[in-house]
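Me: I have a model open and would like to go through it with you piece by piece. Could you keep the answers plain and tell me which cut-offs apply as we go?

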Amino acid sequence: MAWIDALFKRMVEVGASDLHMTSNTKPQFRLHGDIVPVKECDAIPPDQMQLIFKEICIPSVWETYEATFDADFAYEIPGLARFRGNLFVDSRGPAATFRVIPEELLTFEELNLPDVARDFCMLSKGLVLVTGPTGSGKSTTLAAMIDFINKNRPDHIITIEDPIEFVHQDQRCLINQREVKQHTASFKRALKAALREDPDIVLVGELRDLETIEIAIETAETGHLVFGTLHTTTAPSTVDRIIDQFPADRQAQIRTMLSSSLKGVVAQTLCKRQAGGRVAALEVLAVNSAVSSLIREGKTHQIMSVMQMGGKSGMVLLNDALTKLVVSGEVTPEEAYSKSIQKDGFVDSLQAAGVHWQPGVVGQPVMPASPLPAAPMDMPADMTPEHGEAYSAAPGPASAPPPAPALGLQPSPEPALPNDGPTQEVGGEQQPLEDPFEQYKRQRG
């Protein structure tokens with residue numbers, strides 16, 4: 001068992017989404033959206049961090065890391081989960097970020113995806129995009145859509161990913177999963193090759209550059225269903241981002257191609273739940289004849305108006321999705337406001353829904369708590385590495401590699417969140433010191 005496996009197991013136990021490893025710093029989890037240090041674990045020096053990473057990398061990944069100081073890869077603990085890793089170097093030394101990829105694929109119902117997403121899965125051809133900032137759950141949503149297709153259609157699916165995240169088993173579909181740098185040189189090369197591999201559906205993990213975007217649009221135009229991702233925050237901005245990738249003299253042609261090939265956009269943003277965990281707010285664009293005409297004529301700024309009137313087609317604006325989460329009590333108005341792009345419109349949407357809230361006003365009524373029970377938030381057990389002999393980069397005999405430090409884990413019977421802070425004596429007992437801003441709000445209220 002690799003040394004870092006214990007951190008991965010604890011990461012899954014507490015429900016963290018990411019693990020951050022930085023030299024000379026304690027390992028840190030992203031727990032329900034917040035960065036939380038593993039206080040029971042010591043800071044790890046650069047030489048030991050180097051050994052920890054090398055232990056879980058295949059030779060080709062490690063060679064890439066040493067040559068470029070960056071590397072993407074996937075690591076799996078059978079029976080637990082897969083982890084998407086990125087190795088890099090910063091001013092403190094070797095570092096990495098790992099994201100957990102559950103072995104169990106989440107369903108449409110578990111993700112609360114809208115019905116129109118099922119309609120996208122049953123298309124025979126076209127381009128469907130899932131967008132959002134990094135860490136917003138795009139891969140999870142796409143995996144649920146591919147899983148739905150796998151259970152309901154007898155087709156051939158090719159996925160092109162960097163790295164492979166969710167592993168799909170053949171059900172009604174034949175699925176070929178290709179990893180960039182392991183099974184193909186690049187996204188664009190694999191996408192070109194896919195046209196000769198008789199696919200019905202192609203998933204492109206990320207539309208990174210102009211050529212990849214162009215081939216994806218052409219693939220959708222030639223009678224294939226193409227899924228892809230972009231790092232955009234709203235559905236209308238996704239259309240603009242694609243068109244703006246191309247030179248000015250080609251944009252009219254791309255608008256025409258996109259107007260006929262684009263079928264839908266799901267733009268998602270993760271919000272913190274009041275009861276713990278996170279929930280996605282989804283903006284959905286289902287391309288109809290009106291939207292297609294606006295794209296072709298270069299009037300993408302009017303798409304939002306069409307979306308406001310397209311509720312029957314399954315279209316949803318981000319502000320409406322955020323308002324629904326606030327009204328249901330799942331998220332606070334403050335959290336939803338911070339995720340909104342058009343903040344004035346969001347406040348108006350709240351007012352129309354009967355929620356009287358204004359940003360920046362102290363002492364406002366608190367929204368009712370979510371009816372869902374809060375999940376336990378245990379923190380990792382003692383994971384203090386017992387530093388052994390320091391790693392030396394000095395060359396030695398070929399048959400005798402540098403000795404690895406003795407890295408061990410000391411279990412702790414009672415894990416706890418790192419919530420200790422300054423205290424004050426009140427009535428003979430030690431009480432947490434009240435935050436000055438919270439004190440100010442209480443006095444004003």
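Me: How should I read the numbering and the values in general?
Reply: Residues are numbered from 1 along each chain as its sequence is written, and side-chain values use heavy atoms, with hydrogens and water left out. Because this is a predicted model, local features need pLDDT of at least 70 and side-chain atom pairs count only at pLDDT 80 or more, whereas totals for chains, interfaces and linings use all residues.

Me: Back to E2, then: how many bridges join E1 to E2?
Reply: Three bridges join strand E1 (residues 18-22) to E2, and the two run antiparallel; two strands count as paired if DSSP finds at least two bridges between them. His20 has Gln28 in E2 as its bridge partner. E1 and E2 form a hairpin with five residues between them, and Asn24 in the turn has a positive phi of about 65 degrees.

Me: And what joins E2 to E3?
Reply: Four bridges join E2 to strand E3 (residues 34-37), again antiparallel, and Leu31 has Asp34 in E3 as its bridge partner. This hairpin has two residues between its strands, and His32 in the turn has a positive phi of about 55 degrees.

Me: Switching to rings, how many aromatic pairs are there?
Reply: The structure holds nine aromatic pairs, where rings of Phe, Tyr and Trp (its six-membered ring) pair if their centres lie within 6.5 Å, and planes under 30 degrees apart count as stacked, over 60 as edge-to-face and the rest as tilted. The rings of Phe8 and Phe98 have centres 5.1 Å apart and planes at 75 degrees, so this pair is edge-to-face. Phe8 lies in helix H1 (residues 5-14) and Phe98 in strand E6 (residues 93-102), so the pair ties together parts that are 90 residues apart in sequence.

Me: Is Phe8 buried or exposed?
Reply: Phe8 counts as buried because its relative accessibility is 0%, and Phe98 is also buried, with a relative accessible area of 0%.

Me: What about Trp62 and Tyr65, how are their rings arranged?
Reply: Their ring centres are 4.9 Å apart and their planes are at 45 degrees, so the pair is tilted. Trp62 and Tyr65 are three residues apart in helix H3 (residues 59-68), which means that about one helical turn separates them, and both are buried.

Me: Which residues form the aromatic cluster?
Reply: Phe8, Phe53, Phe73, Tyr75, Phe83 and Phe98 form one aromatic cluster.

Me: Now for E10, which strands pair with it?
Reply: Strand E8 (residues 156-161) runs parallel to E10 and is joined to it by four bridges, with Ile160 standing opposite Val204. Strand E11 (residues 225-230) also pairs with E10 in the parallel sense over four bridges, and here Ile201 stands opposite Leu225.

Me: Where do the side chains of E10 point?
Reply: In strand E10 (residues 201-204), Ile201 and Leu203 point one way and Val202 and Val204 the other way, and all are buried.

Note on methods. Buried < 20%, exposed > 50% of the residue type's maximum accessible area, 1.4 Å probe, protein only.
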